[in-house]
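Visitor: Hi! I'm new to this one and would like a quick tour. Could you show it to me?

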Amino acid sequence: MEHNTIKILQWNARSINNKKEDIHNFLCKQDINLAIITESWLNNTKELNIPTYNIIRNDRQDGKGGVAILIKSNITYKIIKIHQSTITEPQYSIIQINGITIIGIYIPKQNGSTLQFWEELINNIQRPFIILGDLNVHNTHWGSPYTTTEGDILFNYIQNTDIICLNNAQPSG
(Lines give C-alpha, C1' and ligand atoms only; values in the text may rest on other atoms or scores of the structure.)
Protein backbone atom coordinates (compact mmCIF):
# COMPACT_ATOMS: atom_id res chain seq x y z
CA MET A 1 0.00 0.00 0.00
CA GLU A 2 1.47 3.32 -1.07
CA HIS A 3 1.12 6.21 1.37
CA ASN A 4 -1.43 4.27 3.44
CA THR A 5 -3.85 4.33 0.50
CA ILE A 6 -6.39 1.53 0.40
CA LYS A 7 -8.12 0.73 -2.88
CA ILE A 8 -11.63 -0.49 -2.09
CA LEU A 9 -14.11 -2.33 -4.27
CA GLN A 10 -17.77 -2.78 -3.41
CA TRP A 11 -19.63 -5.29 -5.58
CA ASN A 12 -23.10 -6.81 -5.43
CA ALA A 13 -22.22 -10.18 -6.95
CA ARG A 14 -25.57 -11.98 -6.95
CA SER A 15 -23.50 -15.14 -6.47
CA ILE A 16 -19.75 -15.25 -6.48
CA ASN A 17 -19.72 -19.01 -7.06
CA ASN A 18 -19.29 -18.89 -10.82
CA LYS A 19 -17.25 -15.65 -10.80
CA LYS A 20 -14.28 -16.56 -8.59
CA GLU A 21 -11.69 -16.47 -11.37
CA ASP A 22 -13.06 -13.20 -12.77
CA ILE A 23 -13.05 -11.50 -9.37
CA HIS A 24 -9.50 -12.71 -8.66
CA ASN A 25 -8.28 -11.37 -12.02
CA PHE A 26 -10.02 -8.03 -11.45
CA LEU A 27 -8.65 -7.67 -7.91
CA CYS A 28 -5.11 -8.34 -9.13
CA LYS A 29 -5.32 -6.17 -12.26
CA GLN A 30 -6.76 -3.21 -10.34
CA ASP A 31 -4.55 -3.82 -7.27
CA ILE A 32 -7.58 -3.82 -4.94
CA ASN A 33 -6.66 -4.02 -1.25
CA LEU A 34 -10.15 -4.53 0.15
CA ALA A 35 -13.31 -5.86 -1.48
CA ILE A 36 -16.78 -5.88 0.04
CA ILE A 37 -18.91 -8.41 -1.82
CA THR A 38 -22.63 -8.51 -1.10
CA GLU A 39 -25.10 -11.16 -2.16
CA SER A 40 -22.19 -13.61 -2.17
CA TRP A 41 -24.73 -16.45 -2.05
CA LEU A 42 -22.45 -18.73 -0.05
CA ASN A 43 -23.22 -21.17 2.71
CA ASN A 44 -21.12 -23.60 4.75
CA THR A 45 -21.02 -26.12 1.88
CA LYS A 46 -19.51 -23.67 -0.63
CA GLU A 47 -15.80 -22.90 -0.62
CA LEU A 48 -14.28 -19.52 -1.39
CA ASN A 49 -10.54 -19.16 -1.77
CA ILE A 50 -9.02 -16.18 -3.53
CA PRO A 51 -5.19 -16.35 -3.65
CA THR A 52 -3.38 -13.54 -1.75
CA TYR A 53 -6.55 -12.50 0.10
CA ASN A 54 -7.88 -13.22 3.57
CA ILE A 55 -11.62 -13.72 3.51
CA ILE A 56 -14.18 -12.92 6.19
CA ARG A 57 -17.46 -14.59 5.36
CA ASN A 58 -20.90 -13.87 6.69
CA ASP A 59 -23.08 -16.48 4.98
CA ARG A 60 -26.78 -17.08 5.25
CA GLN A 61 -27.98 -20.65 5.80
CA ASP A 62 -30.23 -20.50 2.73
CA GLY A 63 -27.26 -19.71 0.45
CA LYS A 64 -28.64 -16.31 -0.60
CA GLY A 65 -27.68 -12.84 0.64
CA GLY A 66 -24.37 -12.81 2.41
CA VAL A 67 -21.37 -10.55 2.82
CA ALA A 68 -17.77 -11.47 2.04
CA ILE A 69 -14.88 -9.18 2.86
CA LEU A 70 -11.65 -9.86 0.98
CA ILE A 71 -8.53 -8.27 2.44
CA LYS A 72 -5.13 -8.42 0.79
CA SER A 73 -2.93 -10.76 2.83
CA ASN A 74 -0.33 -8.08 3.62
CA ILE A 75 -2.88 -5.84 5.38
CA THR A 76 -3.37 -6.06 9.12
CA TYR A 77 -7.01 -5.99 10.19
CA LYS A 78 -9.18 -6.66 13.19
CA ILE A 79 -12.62 -8.27 13.12
CA ILE A 80 -14.98 -6.20 15.27
CA LYS A 81 -18.29 -7.96 14.67
CA ILE A 82 -19.98 -10.42 12.34
CA HIS A 83 -23.73 -9.94 12.65
CA GLN A 84 -25.54 -13.13 11.70
CA SER A 85 -29.16 -12.69 10.78
CA THR A 86 -32.29 -14.32 9.50
CA ILE A 87 -33.16 -14.09 5.81
CA THR A 88 -35.17 -10.91 6.38
CA GLU A 89 -32.76 -8.97 8.61
CA PRO A 90 -29.72 -6.86 7.75
CA GLN A 91 -26.49 -8.82 7.63
CA TYR A 92 -23.16 -7.10 8.22
CA SER A 93 -19.53 -7.54 9.13
CA ILE A 94 -17.39 -4.87 10.78
CA ILE A 95 -13.59 -4.72 10.60
CA GLN A 96 -10.90 -2.15 11.34
CA ILE A 97 -7.90 -1.32 9.17
CA ASN A 98 -5.44 1.42 10.16
CA GLY A 99 -7.92 2.85 12.66
CA ILE A 100 -10.77 3.05 10.13
CA THR A 101 -13.92 1.04 10.81
CA ILE A 102 -15.28 -0.61 7.68
CA ILE A 103 -18.76 -2.10 7.51
CA GLY A 104 -19.84 -4.45 4.75
CA ILE A 105 -23.62 -4.73 4.78
CA TYR A 106 -26.43 -6.46 2.93
CA ILE A 107 -30.03 -5.49 3.64
CA PRO A 108 -32.66 -7.73 2.01
CA LYS A 109 -35.29 -5.91 -0.06
CA GLN A 110 -38.11 -7.27 2.08
CA ASN A 111 -36.53 -5.92 5.27
CA GLY A 112 -37.10 -2.20 5.29
CA SER A 113 -34.28 -0.70 7.38
CA THR A 114 -35.48 1.62 10.10
CA LEU A 115 -34.14 4.74 11.76
CA GLN A 116 -33.57 2.64 14.89
CA PHE A 117 -31.40 0.21 12.91
CA TRP A 118 -29.17 3.00 11.55
CA GLU A 119 -28.90 4.75 14.92
CA GLU A 120 -27.96 1.54 16.74
CA LEU A 121 -25.43 0.54 14.10
CA ILE A 122 -23.72 3.90 13.75
CA ASN A 123 -23.83 4.91 17.43
CA ASN A 124 -22.02 1.70 18.35
CA ILE A 125 -19.06 1.88 15.99
CA GLN A 126 -15.78 3.70 16.25
CA ARG A 127 -15.21 6.66 13.97
CA PRO A 128 -14.02 7.27 11.33
CA PHE A 129 -16.05 4.69 9.41
CA ILE A 130 -17.02 3.66 5.91
CA ILE A 131 -20.22 1.74 5.12
CA LEU A 132 -20.29 -0.21 1.86
CA GLY A 133 -22.82 -2.65 0.57
CA ASP A 134 -26.20 -3.35 -0.89
CA LEU A 135 -28.52 -1.33 1.32
CA ASN A 136 -31.61 -1.75 -0.88
CA VAL A 137 -32.65 1.85 -0.23
CA HIS A 138 -33.55 4.24 -3.01
CA ASN A 139 -33.52 8.02 -3.08
CA THR A 140 -33.42 10.49 -5.95
CA HIS A 141 -30.66 12.38 -4.10
CA TRP A 142 -28.23 9.57 -4.89
CA GLY A 143 -29.34 8.78 -8.42
CA SER A 144 -32.34 6.50 -8.09
CA PRO A 145 -35.31 7.35 -10.30
CA TYR A 146 -37.56 7.03 -7.23
CA THR A 147 -37.46 7.33 -3.44
CA THR A 148 -38.55 4.63 -0.98
CA THR A 149 -39.50 5.08 2.66
CA GLU A 150 -36.19 3.45 3.63
CA GLY A 151 -34.35 5.84 1.29
CA ASP A 152 -36.01 8.82 2.95
CA ILE A 153 -35.15 7.49 6.41
CA LEU A 154 -31.47 7.06 5.54
CA PHE A 155 -31.24 10.35 3.63
CA ASN A 156 -32.77 12.32 6.52
CA TYR A 157 -30.54 10.54 9.02
CA ILE A 158 -27.45 11.43 6.99
CA GLN A 159 -28.63 15.05 6.68
CA ASN A 160 -29.03 15.34 10.46
CA THR A 161 -25.60 13.94 11.32
CA ASP A 162 -22.00 14.55 10.32
CA ILE A 163 -22.10 11.58 7.92
CA ILE A 164 -21.10 12.14 4.30
CA CYS A 165 -22.63 10.09 1.49
CA LEU A 166 -20.03 9.44 -1.22
CA ASN A 167 -21.98 8.81 -4.37
CA ASN A 168 -21.74 10.00 -7.96
CA ALA A 169 -25.56 10.12 -8.36
CA GLN A 170 -25.44 7.29 -10.89
CA PRO A 171 -27.98 4.52 -10.40
CA SER A 172 -26.42 1.23 -9.31
CA GLY A 173 -28.56 -1.03 -11.37
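Guide: Happy to. One term to start with: strands here are DSSP runs of E with at least two residues, numbered from the N terminus. Also, keep in mind that this is a predicted model.

Visitor: Got it. Which strand gives the largest share of the lining of the largest pocket?

Guide: That is β8, with six residues. Other elements contribute too: β1 (8–12), α2 (115–123) and α3 (149–159) each supply at least two residues of the lining, as does β8 (129–134).

Visitor: What volume does the largest pocket have?

Guide: About 1500 Å³. The lining has 41 residues, and the closest to the pocket's centre are I131, G133, L135, L166 and N167.

Visitor: And how many of the lining residues are nonpolar, polar or charged?

Guide: There are 22 nonpolar residues, 13 polar ones and six charged ones.

Visitor: Changing topic: is strand β4 mostly covered or uncovered?

Guide: Mostly covered. β4 spans residues 67–72, and six of its six residues are buried.

Visitor: Which way do those residues point?

Guide: V67, I69 and I71 point one way, while A68, L70 and K72 point the other way. In a regular strand, side chains alternate between the two faces of the sheet.

Visitor: Nice. Which strands does β4 pair with?

Guide: One is β2 (residues 34–38), antiparallel to β4 over five bridges. Here T38 has V67 of β4 as its bridge partner. Another is β3 (residues 53–58), also antiparallel, over six bridges.

Visitor: And what stands opposite L70?

Guide: I55 stands opposite L70 in β4.

Definitions and conventions: Residues numbered from 1 in each chain as written. Predicted model: local features only at pLDDT ≥ 70, side-chain atom pairs only at ≥ 80, totals over all residues. Heavy atoms only, no water. 1 Å grid on protein atoms, 1.4 Å probe; cavity = no way out; pocket = protein on both sides within 12 Å on 5 of 7 lines; lining within 4 Å. Points joined across faces, edges and corners; volume = space filled by probe spheres on them. Helix = DSSP H or I, 4+ residues; strand = E, 2+ residues; numbered from the N terminus. Nonpolar A, V, L, I, M, F, W, Y, C, P; charged D, E, K, R; others polar. Buried < 20%, exposed > 50% of the residue type's maximum accessible area, 1.4 Å probe, protein only. Pairing = 2+ DSSP bridges.
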